[in-house]
Amino acid sequence: MLRTVDFVIIGFMAAAAVLTFQIKSQAEKQLSQIKRLEAEIQLEKDTIDLLKADWSLLVQPGRLQQLVALHSEELGLEITEAHQIVRPQELPARVVDLPEPTPEMMADLPDRSAVTGSVGQQ
């Protein structure tokens with residue numbers, strides 16, 4: 001005859017079977033998602049390789065030289081002369097490198113109350 005312990009064991013086994021099925025189902029879903037992501041990654045890697053190959057063809061010096069010769073009149077390109085190349089120290093000072101104005105520097109500025117242009121100030 002079936003006792004209470006037998007019903008508890010049967011219930012536990014059924015719950016374990018359901019739990020095992022759910023875990024297996026989730027694992028299969030995760031595995032299919034991993035396979036899909038791996039396929040997408042491989043597609044992106046293949047695309048990057050193709051783009052690198054295209055880029056290497058586009059920047060070949062011989063091809064660029066032909067394009068320059070073909071479009072030289074439109075582009076107006078000239079060979080860079082040695083005197084056109086400067087060091088960073090030879091460039092003019094940037095605005096952030098200029099000193100802060102002092103009262104002595106400001107002395108030569110016109111009076112702020114002076115009206116300039118065609119619009120009068122109130």
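Reader: How many residues apart in helix α1 are Lys-24 and Glu-28, and what separation does that give in helical turns?

Author: A word on the source comes before the reply. This is a predicted model, in which local features need pLDDT of at least 70 and side-chain atom pairs count only at pLDDT 80 or more, while totals for chains, interfaces and linings use all residues. Residues are numbered from 1 along each chain as its sequence is written, and side-chain values use heavy atoms, with hydrogens and water left out. As for the pair, Lys-24 and Glu-28 are four residues apart in helix α1 and are therefore separated by about one helical turn. Helices here are DSSP runs of H or I with at least four residues, strands are runs of E with at least two, and both are numbered from the N terminus.

Reader: Which contact do the side chains of Lys-24 and Glu-28 make?

Author: In general, side chains of opposite charge can pair when their charged atoms come close. In this case the two side chains of Lys-24 and Glu-28 form a salt bridge at 3.5 Å, N to O; the term requires a side-chain nitrogen of Lys or Arg within 4 Å of a carboxyl oxygen of Asp or Glu. Lys-24, at 49% relative accessibility, is partly exposed, and Glu-28, at 46%, is also partly exposed; the class lies between buried, under 20% relative accessible area, and exposed, over 50%, with a 1.4 Å probe and protein chains only.

Reader: How many salt bridges does the structure hold, and where are the others?

Author: The structure holds three salt bridges. Another joins the side chains of Arg-36 and Glu-40 at 2.7 Å, N to O, and these residues, four apart in helix α1, are likewise separated by about one helical turn. Arg-36 has a relative accessible area of 42% and is partly exposed, as is Glu-40 at 39%. Glu-90 and Arg-87 also meet through their side chains, at 3.2 Å, N to O; here Glu-90 is partly exposed at 44%, whereas Arg-87 is exposed at 52%.

Reader: What share of the 122 residues counts as buried, and where is confidence lowest?

Author: Of the 122 residues, 0% count as buried, in a chain of four helices and zero strands. Where pLDDT is low, the predicted coordinates should not be read in detail. The mean pLDDT, the predictor's confidence in each residue from 0 to 100, is 85 for the chain; confidence is lowest in helix α4 (residues 103-106), at a mean of 76, and highest in α1, at 96.
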